[in-house]
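Got a model open and want to talk it through?

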Amino acid sequence: MFKKMFEKKSGSKPPEFKEPQMDPKTEALIHAIRERSKEDPLVGAKLGGKEIFQRLLDGMKNEKGVHIESLLCALGALAGYSCQANLRAQALAKGMSETAAFQIIATK
């Protein structure tokens, strides 16, 4: 079974890359962000932050409301991860090791 899945077929060409189709709402949003970014370069980040906050708020809501400590913990975890991801990307862009910006401390 696996042989059929992974064997190369003679004379076969690799599949062509096709640009993914976006729905009209997404296209309109991207166009609006590009236009507004001329005035405010952080408009995409601001809109993304608001969207993440709203989705977390909606997802964590129950009959009692939202447990604020849990919401703040989730937001803090996302913020910390995004900071690390940015540092890793900057290091790779400079040709350095992905972990070059971090001080790693270990104990016995």
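This is a predicted model: local features need pLDDT of at least 70, side-chain atom pairs count only at pLDDT 80 or more; totals for chains, interfaces and linings use all residues.

Residues are numbered from 1 along each chain as its sequence is written, and side-chain values use heavy atoms, with hydrogens and water left out.

Reader: Which helix has the highest confidence in the protein chain?
Author: Confidence here is pLDDT, the predictor's own score for each residue, from 0 to 100. The mean for the protein chain is 86, with 84% of its residues at 70 or more. Helix α1 (residues 2–6) is lowest, at a mean of 53. The highest, at 94, is helix α4 (residues 68–93).

Reader: What pattern does the protein chain follow along the sequence?
Author: Helices are DSSP runs of H or I with at least four residues, strands are runs of E with at least two, and both are numbered from the N terminus. The protein chain has four helices and zero strands. Read along the sequence, that gives α-α-α-α.

Reader: How much of the protein chain counts as buried?
Author: Buried means under 20% relative accessible area, exposed over 50%, and partly exposed in between, with a 1.4 Å probe and protein chains only. The chain exposes about 10300 Å², and carbon and sulfur atoms supply 60% of that. Of its 108 residues, the buried share is 4%.

Reader: Are α2 and α3 oblique or parallel to each other?
Author: The axes of helix α2 (residues 24–36) and α3 come within 9 Å and cross at roughly 135°. Under 35 degrees would be roughly parallel, over 145 roughly antiparallel, 65 to 115 roughly perpendicular, and the rest is oblique. So α2 and α3 are oblique.

Reader: Which residues of α3 make the contact with α2?
Author: Contact means heavy atoms within 4.5 Å. On the α2 side you've got Leu-29, Ile-33 and Arg-36. From α3 come Val-43, Gly-44 and Leu-47.

Reader: Is Ala-45 buried or exposed?
Author: Ala-45 lies in helix α3, and its C-alpha is 9.9 Å from that of Ile-33, twelve residues away along the chain. Its relative accessibility is 55%, so Ala-45 counts as exposed.

Reader: How far apart in space are Met-60 and Leu-71, C-alpha to C-alpha?
Author: Met-60 is in helix α3 (residues 43–60) and is partly exposed, at 27% relative accessibility. Leaving aside neighbours within four places in sequence, Met-60 touches Gly-65, Val-66, Ser-70 and Leu-71. Met-60 and Leu-71 are eleven residues apart in sequence, and their C-alpha separation is 7.4 Å.

How values were computed
Accessible areas come from the Shrake-Rupley method with a 1.4 Å probe; for residues, only the protein chains shown count as cover. Axes are lines fitted to C-alpha atoms, for helices over the stretch in contact, and angles run from 0 to 180 degrees between N-to-C directions.
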